[in-house]
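Here is a set of questions and answers on one protein model. Have the structure open as you read.

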Amino acid sequence: MSVTMKDVAALAGVGVGTVSRMINGVAVKDVTRRKVEAAIKALDYEPDAAARAFKTNHSQTIALILPTIWHPFFSEFAYHVEESLSEHGYKLYLCNADGDPEKEHDYIQMVKQSKVDGIIGITYSDIDKFISSNLPFVSIDRHFSEEVSYVTADNFGGGELAAEELQKRGCQKLIYIGGINPYPNETTLRGDGFEAYCRAKGIDFDILRIPEPISDLTTPIADFLTKNADFDGVFCVNDAMGMDVMTVFKKFGKEVLRDYQLIGFDGTRIDSSRNYLVSTIVQPKKEMAEAAVALILKKVAGIETEKRVILPVFFESAGTTKDM
């Protein structure tokens, strides 16, 4: 396991920010400098390329734009981003955009005003015109017209895996239910992967895509059920959709496990000690956060970065699929 700035700070008995400032050339008290130098030597700590390139005029703060803080997936992702930034002596500025592109534009302006050094963004708003390739910006899932780096889970592979797991558990007629977002993003690949697997394996399937924002789920599902009542396996674009779908299905007399099995996507849970809310394709949120932080710190330091980082997903059963 690699030594971090946090380890140096703990051994020296100082704050992470103090270690970061010293590494970046900011003067500190002699007694503090000697403690940090001794800790660096004892731990054989070597700052990474991004840390060595940091300028002392940086705010040591990264903004994280979230669509909402109420969704457990976004909350957990923010937690891991803050933990990772802290290891590099950086602070987190949390931006709850609530789907408002003007709010997101204001946060982007903060970079240009040097109030924050860069942005990690989960955004589904119309902000493409505000994003440029020279802006220190890392996207999660979302595509932009400019050459913007982004981090994503293997959404296509996750869709394939969901169909495979339902098939393995005896499901013979599968359906996919998801939203359609007007802005290109990786989440659409979940349905594509599901469809590709079903076609390759000759599995009977159907797809329901609902335009976002979704204010009424009951009507499109009711219409869908009039033509597709004999399904026994359901894959939803995310866990929240999966829970809503189960509620709507119940109105039509369909009970999970008795009448169908269901898999969501994200790996949503209320806290780290609880089980997942539904059987799910789990996104590696900690690893995604760490990858996003590594990218944004390189961008802040002026280091060239890769365009796309894709991380693997895995399946976890949690009460809406049958045991094997």
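Q: In this predicted model, how far apart are the closest N and O atoms of the salt bridge between E76 and K285?
A: E76 pairs with K285 in a salt bridge. E76 lies in helix α5 (residues 72-87) and K285 in helix α11, so the pair ties together parts 209 residues apart in sequence. The closest N and O atoms are 4.0 Å apart.

Q: Which residues of β11 (308-311) is V151 in contact with?
A: Set aside the neighbours of V151 within four places in sequence. Its contacts then include M288, A291, A292 and L295. Strand β11 covers 308-311, and the contacts of V151 also include V309 and L311.

Q: Which strands stand at the edges of the open six-stranded sheet?
A: The strand order is β2-β1-β3-β4-β5-β11, with parallel pairing. An edge strand here has a single partner, so one side is left without a neighbour in the sheet. The edge strands are β2 (91-96) and β11 (308-311).

Q: How many bridges join β1 to β3?
A: Strand β1 spans residues 61-66 and β3 spans residues 118-121. The two run parallel. The number of bridges is four.

Q: Which residues form a salt-bridge network with R33?
A: R33 bridges E37, with the closest N and O atoms 3.3 Å apart. The two are four residues apart in helix α3 (residues 30-43), about one helical turn. The network links R33 with D30 and E37.

Q: Which residue of the D230 and K173 salt bridge is exposed?
A: The closest N and O atoms of this pair are 3.4 Å apart. D230 sits in the loop between α9 and β8, and K173 in strand β6, 57 residues apart. K173 is buried, at 10% relative accessible area. At 53%, the exposed residue is D230.

Notes: Residues numbered from 1 in each chain as written. Predicted model: local features only at pLDDT ≥ 70, side-chain atom pairs only at ≥ 80, totals over all residues. Heavy atoms only, no water. Pairing = 2+ DSSP bridges. Contact = heavy atoms within 4.5 Å. Salt bridge = Lys/Arg side-chain N within 4 Å of Asp/Glu carboxyl O. Buried < 20%, exposed > 50% of the residue type's maximum accessible area, 1.4 Å probe, protein only.
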